[in-house]
Amino acid sequence: MVVSHAGRGVFDATTGERIARDQDPEGEIPEGPDLTCPGLGPLAGTRVRIAGLYGGGLHSTASGGWHVEVVGPDWPNERVLLSADGGMPHSGPHGEKWWHVFHSTWSELRAVGFSLSGRTLAVATSSDLTLWSRSEA
């Protein structure tokens with residue numbers, strides 16, 4: 001689920017398809033100690049944990065040794081690095097052990113991390129949502 005000043009949206013984390021949209025939500029700002037918002041569409045009737053502008057976080061590791069890290073060598077333009085060996089993303093050969101997958105040059109980075117299943121990597125900025133997914137392998 002994505003929450004912004006323009007409303008809420010629920011996306012299929014594998015295909016990127018938008019499943020539900022609410023352009024005039026009530027309670028769109030995450031609240032409470034667990035930073036939750038009311039769900040919509042298939043998540044209606046539940047509270048959904050949110051990570052981003054107001055805090056919270058996503059998983060930085062996933063099964064199979066995958067690891068994601070945000071670095072800021074030219075802050076505020078942060079970069080997202082992905083590693084396949086569970087260590088620091090830049091500890092092995094680039095393109096073999098780690099990859100530079102995102103560079104936030106035009107929008108502020110809000111949240112980066114893996115889904116609960118570890119099959120989807122999400123990068124959210126103040127203007128976009130980018131998703132990468134992998135098979136169950």
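**Ground rules.** I'm working with a predicted model, where local features need pLDDT of at least 70, side-chain atom pairs count only at pLDDT 80 or more, and totals for chains, interfaces and linings use all residues. Residues are numbered from 1 along each chain as its sequence is written, and side-chain values use heavy atoms, with hydrogens and water left out.

Entry 1: I looked up the largest pocket and got a volume of about 1500 Å³. A pocket here is an open set of points on a 1 Å grid over the protein atoms alone, where a 1.4 Å probe fits, with protein on both sides within 12 Å along at least five of seven lines; lining residues have an atom within 4 Å of a point. The volume is the space filled by probe spheres set on the points, which are joined across faces, edges and corners.

I then checked the lining, which has 47 residues, and the closest to the pocket's centre are Met1, Val2, Val3, Ile50 and Ala51. Strand β2 (7-11) is among the elements that give two or more residues, and β2 gives the most, with five. Strands are DSSP runs of E, at least two residues, numbered from the N terminus.

**Entry 2: the core.** Next I listed the largest nonpolar core: Ala62, Val68, Val80, Leu82, Phe102, Leu109, Val112, Phe114, Leu121 and Val123, ten residues in all. Such a core is a set of buried Ala, Val, Leu, Ile, Met, Phe, Trp, Tyr and Cys residues joined through side-chain atoms within 4.5 Å. Its largest share, three residues, comes from β10.

Contact means heavy atoms within 4.5 Å.

**Entry 3: Ser107.** I found Ser107 in the loop between β9 (98-103) and β10. Is Ser107 buried or exposed? Ser107 counts as buried because its relative accessible area is 11%, and the cut-off is under 20% (1.4 Å probe, protein chains only).

Leaving aside neighbours within four places, Ser107 is in contact with Thr125, Ser126, Ser127 and Asp128. The side chains of Ser107 and Ser127 make a polar contact of 2.5 Å, and those of Ser107 and Trp106 make one of 3.3 Å. That term means a pair of N or O atoms within 3.5 Å; within protein, one must be able to donate a hydrogen and the other to accept it, and residues adjacent in sequence count only if both atoms are side-chain atoms.

Terms used: Helices (H or I, at least four residues) and strands (E, at least two) are DSSP runs, numbered from the N terminus. Buried means under 20% relative accessible area, exposed over 50%, partly exposed in between (1.4 Å probe, protein chains only).
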